[in-house]
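Keep the viewer open and follow along.

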Amino acid sequence: MEKNLWNTTQSMLVVYNYENLDRLHDFRKSLDKIVANSTVERVIIIVNIDKETDKNILPPHFLIYYNSPNDYNFWGKLKDVQLEAEFKKQYDTLLWIGETQTHSFKEIKKINFSNKIAVNSTDTFFELHLKTESDIPNEMLTFVVETLLKIT
């Protein structure tokens with residue numbers, strides 16, 4: 001097997017900004033599909049939501065942490081101890097999809113990743129910036145994987 005950025009990834013932290021339930025469902029389905037056909041053994045997904053979004057309407061999933069500005073105290077410290085534990089772990093690849101104007105970005109910048117990939121974002125924290133024409137999750141994630149397969 002050819003060594004490339006995609007098939008050398010065994011652990012991945014994926015960050016996605018919530019838009020609506022349908023888009024989230026499509027994103028999860030598409031992500032499950034690409035991970036199932038990969039060398040990735042461990043995935044954690046952070047879904048950034050706004051203050052107004054009710055976490056109780058969002059589908060629970062053992063790999064997903066819904067992260068809201070309400071999850072941080074006055075001093076900016078994360079209240080979710082489980083998520084904080086995930087932030088202390090090591091990951092091969094960070095896949096950040098969308099804008100970085102979120103509370104979780106500050107936390108994630110403290111983690112050491114081998115590969116830091118941004119999709120449709122321009123922050124200098126990332127080593128690789130991918131721009132997709134489509135914001136449809138399946139097309140976006142397929143494009144990401146196809147691109148990472150080309151990078152050795």
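## Asn120 and its loop

Let's start with Asn120, which is partly exposed at a relative accessible area of 22%. For reference, buried means under 20% relative accessible area, exposed means over 50%, and partly exposed is what falls in between (1.4 Å probe, protein chains only). You'll find Asn120 in the loop between β5 and β6. Its phi is near 60°, a positive value in a residue other than glycine. Most residues other than glycine have a negative phi.

A word on the ground rules: this is a predicted model, where local features need pLDDT of at least 70 and side-chain atom pairs count only at pLDDT 80 or more, while totals for chains, interfaces and linings use all residues. Residues are numbered from 1 along each chain as its sequence is written, and side-chain values use heavy atoms, with hydrogens and water left out. As for element names, helices (H or I, at least four residues) and strands (E, at least two) are DSSP runs numbered from the N terminus.

Is Ser121 buried or exposed? It's buried, with a relative accessible area of 6%. Skipping neighbours within four places in sequence, Ser121 is in contact (heavy atoms within 4.5 Å) with Gly98, Thr100, Phe126 and His129. Thr100 is 21 residues from Ser121 in sequence, and their C-alpha atoms are 7.1 Å apart.

## The nonpolar cores

A nonpolar core here is a set of buried Ala, Val, Leu, Ile, Met, Phe, Trp, Tyr and Cys residues joined through side-chain atoms within 4.5 Å. The largest one has 29 residues, and Val14, Phe27, Leu31, Ile45, Val47, Leu95 and Ile97 touch the most other members. Two or more residues come from each of β1 (11-17), α1 (21-36), β2 (42-48), β3 (64-67), β4 (91-97), β5 (113-119) and α4 (137-150). Another core, of 19 residues, lies apart from it and includes Ile44, Tyr65, Ile108 and Phe126.

Zoom in on Val14 and, leaving out residues up to four places away in sequence, you'll see it touching Phe27, Leu31, Val43, Ile44, Ile45, Ile46, Leu95 and Ile97.

## How α1 meets α4

α1 and α4 pack at an angle of about 30°, with their axes 8 Å apart. Axes are lines fitted to C-alpha atoms, for helices over the stretch in contact, and angles run from 0 to 180 degrees between N-to-C directions. The two helices are therefore roughly parallel, a label for angles under 35 degrees.

Which residues do the meeting? Arg23, Asp26, Phe27, Ser30, Leu31, Lys33 and Ile34 in α1 meet Pro137, Asn138, Leu141 and Val145 in α4. By class, that's six nonpolar, two polar and three charged residues. Ala, Val, Leu, Ile, Met, Phe, Trp, Tyr, Cys and Pro count as nonpolar, Asp, Glu, Lys and Arg as charged, and the others, Gly among them, as polar.

Arg28 belongs to helix α1 and is partly exposed at 21% relative accessibility. Apart from neighbours within four places in sequence, Arg28 contacts Pro59, His61 and Ile64. Pro137 is 109 residues from Arg28 in sequence and 8.5 Å away, C-alpha to C-alpha.

Asn48 lies in strand β2 and is buried, with a relative accessible area of 6%. Beyond its neighbours within four places, Asn48 is in contact with Val15, Tyr16, Asn17, Tyr18, Asn67, Trp96, Thr102 and Ser104.

Technical notes: Angles under 35 degrees count as roughly parallel, over 145 as roughly antiparallel, 65 to 115 as roughly perpendicular and the rest as oblique.
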